[in-house]
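Subject: Handover of a structure for your review

Dear colleague,

Please find below the structure that I am passing on to you.

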Amino acid sequence: MGNKQSTFRDDQLDEYQDCTFFTSKEILRLHGRFRDLAPNVVPLDYTNNPDVTLPSSLIITMPELKENPFRYRILETFSEDGEGNLTFYDFVDLFSVLSETAPLDLKIIYAFRIYDFNRDGFLCLEDVEETVHRLTGEELRVEERRLVARRVMEEADLDGDGKLSLIDFQNMISRAPDFISTFHIRI
Amino acid sequence: MYVVFYPSHSGAVSNPLLDQLPSYQSLLYRRKSSGTSSTKRRSLNRGRHGSTSSRSGSGRWASGRLEERPPTLRSTADQRPARELPWSMEEKRRHKEQRLQQCGDLGGWAQWRMSARHYLKRMKEDGQDLLSALQLWRADIHMIEGMFGTGIQSYFSFLRFLVLLNFVMFLLMFSFVMLPIVISTHTSFVNSTFTGGTGSECSVYPPTSRQGLVVFHQHIIDLLSGTGFLEQTYLFYGYYKVNNIHFPSFSYNLPLAYLLCTITYLLLSLLWIVKRSATGFKRKLVQDEDRFQSFCNKVFAGWDFCITNENAARLKHSSLLYELKTDLEEERIRQKMAERSRKEKCRIYCLRVALNLFVIAVLVCCFYCIYSATIFSQQKQAQDQQYYFIVELIFEYLPSIVITLANFITPIIFSIIISFEDYSPAFEIRFTLMRCVFMRLASIGVLLFSLWSQITSCSNGVCTCGYNHTLYPCWETHVGQEMYKLMIFDLLIVSSVTVFVEFPRKILVNHCECGLVKWWGQQEFAIPQNVLEIVYGQTICWIGTFYCPLMPAINTIKYFLVFYIKKVTLVNNCRPASRPFRASSSTFFFLAVLLIGLALATVPVTVSIAQIRSSDACGPFVNFTTSWEAVPRAVSQLPLGVMTFLNALSSEAFAVSFFVITCLAMFYVIALAGAHKRVITQLRDQLAMEGRDKRFLIQKLCQAQSELPSRTSRSRASHGYHGNPHSSTSGVFVVQPLTHYETQA
């Protein structure tokens, strides 16, 4: 193709294109963004797969994530160590899942993981309450938050166990038609 | 993998068994692929006692390694491309390598097919990338989305769609109607026959271009109202006097082409709008009630992840808060309404009837004003007296001014009235919107009706030519001029409101400390009103294109300018609406209103083509009584077979049977949709039942397992049971996972 970049080998770029929803141009652009966060730490040359991890405190300064109330949870979900520190793989994976072309079921799985604050594999009442809390701040009273969370449970909990499994969540997204348009980040 | 569980004291299901279910395995969280760190963590967890560590250990770091996934999951994963799997990058790469290895075992032909498919996929992606880069205003809409969210962005996408639609309409009219005429007038090997007048008094068409010394402001009036020098140009219907164009090999029937272009652009618009609204409508059909307002939608799909601006984020928080509060309020109101006594219900219904009558009275009053303004304006134009420049312009534009004023005042009246009618907040918004849509689109209808009554009313009762030939020798051009004036005035209003109202408002709000000004506040970008404005403009274009073939081109330019005007005012003057407008329902709303506009536009066009006598003095349809007559005459010149076929298509027998078949198809599809909905409800109930069964079975299993150690400790037989059961006082057991148990049993 005649690209004169020396950041990645051609087979690496090919691999990235197969494993994400980005084209090679976008992957190079993402590498530029990753490098801009810490130019001294992230090398320009990624041909030998350096193991560089950026801390979450640096990544949430990005404008795309800065205003998001769930930014820490997003980073924790996509990081290998669960603490929010991302390698370049995780970084690309994050934006790939949140891109426009990612399919709905993939987004649903990751959205479930993001909203699962206590990481027990289910969205229990506390998880939903915490979501509402993050969305509205301190403006709603505690009883109102609990009421909203209970309504959500009523609408979504099919098997009646008091918490939402992945299947409940998947079914519930069919009643949330805005999901596909709001759960995406443009980069 | 070691698992910890607790004996169920309360009968609740224990988590660890659920961990091993295939449905849970698909949710596995990430883990670093290097084994050392994870084993270190595991051993650390085992060392600690207590519930928290073990629960967090097993729950969080369920195995992520490829080999340990249950076989069923791996086989389904094999079918999907690597990037659609919810695994980390390392695992996806290894999955891809495994698949490549498997393919290496296949023959050369399968390998070539795979690599060809891969290459084609790459090409398709690159092509799509290029196409999306060519999209109009991509960067602008991206920026708007980041600053204001998807609700307002959908308005701008809608505007972009209309620009494209108008451009395609212009291309259609240009290539089939204007281009042949241009070719015939400017080349020598093509000549055309013109529509000759019948010589009667109906075909007298006095020249309208101004003679002698023309004052400069007359030119401006001509430009703004389509009279004078503009009247005898390609802009209006009257200029297309050509009957047949004789190309070297065939003859081109221009009237037929003109008519067919009109029908085509209406059909094309319909198809394109329906296609665009298909996705939103499909989703709406599947859901049983109106779920756009559900809590799940607001909580889990409420936050717009595209927002990058601090202000926008703050406003999004407050709009979500407003929405949730409104919903809670609605629940309270619904309860209150259910508890209403009969006397109260009676009072409310009487009040609603009275207020609706008042609304109808307001509408009738506005329509009457528009009607009389049109009559007055027509009479003043017919008198042809010389007035002041501005006064003359006002007389020309009087209907447009009255329509704009009415459309400015009535929404305010409606929103005041509806607060007395005591509906739920969501219904209030929708009902007000319906009333505004009706007002906007009906005002065009009233204008056309009043024009029509003027054109067909002659001084001595019956019109000899079917229309008033003395005042309106070329009435189609006249109607075209009125539509042209409406459109120009719309553009003028949009730009002058932005310049003279919104910018000063922003300056006032920012610099003035007066209480009144602060109450007025900064401009809000009200999406429904803006959408109604552009749908109104598009309806005018659809009606006017038959009389003014260049109208789509002017409309394209107009919407192009409107995009930039609105973008500038949005970025500089506006804050997003405090009442949020959801993207999903809004796209459906935009396209629904546009469809209503299209339906409304089709009526006058159809009536004027089929019923009204086309004028004898100008235009391509001079030799026909009505414009539609061009089609039967053209059909009669076709070969016999085709003619009988087309005649059969237009006969009553065919129409009735076609109608019956369409009705049957519609009933079938409705029945199918109903059956699907029933199946969905049944499946939902079944899903709930399965969940309960699952919990019941797991409970039984746990009970059975808890009984087993007591038996083995008694009988000392340990067949099939591995590991060390510690029967400590805390009641914690460590057992091997179930999979190993089964394989070795």
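To begin with the surface, chain A has an accessible area of about 7100 Å², and carbon and sulfur atoms hold 49% of that. Such areas come from the Shrake-Rupley method with a 1.4 Å probe, and for residues only the protein chains shown count as cover.

Before going further, please note that this is a predicted model, in which local features need pLDDT of at least 70, side-chain atom pairs count only at pLDDT 80 or more, and totals for chains, interfaces and linings use all residues. Residues are numbered from 1 along each chain as its sequence is written, chains are lettered from A and ligands numbered from 1 in the order in which they are written, and side-chain values use heavy atoms, with hydrogens and water left out.

Chain A

Chain A contains 11 helices and 2 strands. Helices (H or I, at least four residues) and strands (E, at least two) are DSSP runs numbered from the N terminus. Along the sequence, their order in chain A is α-α-β-α-α-α-β-α-α-α-α-α-α. A box of roughly 60 × 30 × 25 Å, taken along the principal axes, holds the C-alpha atoms of chain A.

Of the 187 residues in chain A, 60% are buried; the term means under 20% relative accessible area, with exposed over 50% and partly exposed in between (1.4 Å probe, protein chains only). Among the contacts in chain A with a separation of 6 or more, 54% involve residues 24 or more positions apart. A contact here means heavy atoms within 4.5 Å.

The side chains of chain A include 21 positive and 36 negative ones, and the centres of these two sets are 5 Å apart. Lys and Arg count as positive and Asp and Glu as negative, while His and the chain ends are not counted. Each charge is placed at NZ of Lys, CZ of Arg, CG of Asp or CD of Glu.

Chain B

Chain B comprises 25 helices and 7 strands. Of the contacts in chain B between residues at least 6 apart in sequence, 75% link residues at least 24 apart.

One feature of chain B is an open sheet of 3 strands in the order β2-β3-β4, with antiparallel pairing. Strands β2 and β4 of chain B are at the edges with a single partner strand each, so one side of each has no neighbour in the sheet. From one strand to the next, the twist averages 25°. Helix α9 (residues 150–186) of chain B packs on this sheet and touches β2, β3 and β4 of chain B, its direction making about 65° with that of β3(B). Axes are lines fitted to C-alpha atoms, for helices over the stretch in contact, and angles run from 0 to 180 degrees between N-to-C directions.

Strand β2 (residues 191–194) pairs with strand β3 (residues 242–246) of chain B over 4 bridges; two strands pair if DSSP finds at least two bridges between them. Ser192(B) has Ile245(B) as its bridge partner, and Asn191(B) stands opposite His246(B). Strand β4 (residues 251–253) of chain B pairs with β3(B) over 3 bridges, where Asn244(B) is partnered by Asn253(B). A hairpin through 4 residues connects β3(B) to β4(B).

Finally, Leu471(B) sits in the loop between α16 (425–455) and α17 (475–511) of chain B. Leu471(B) counts as partly exposed because its relative accessibility is 45%.

Yours sincerely
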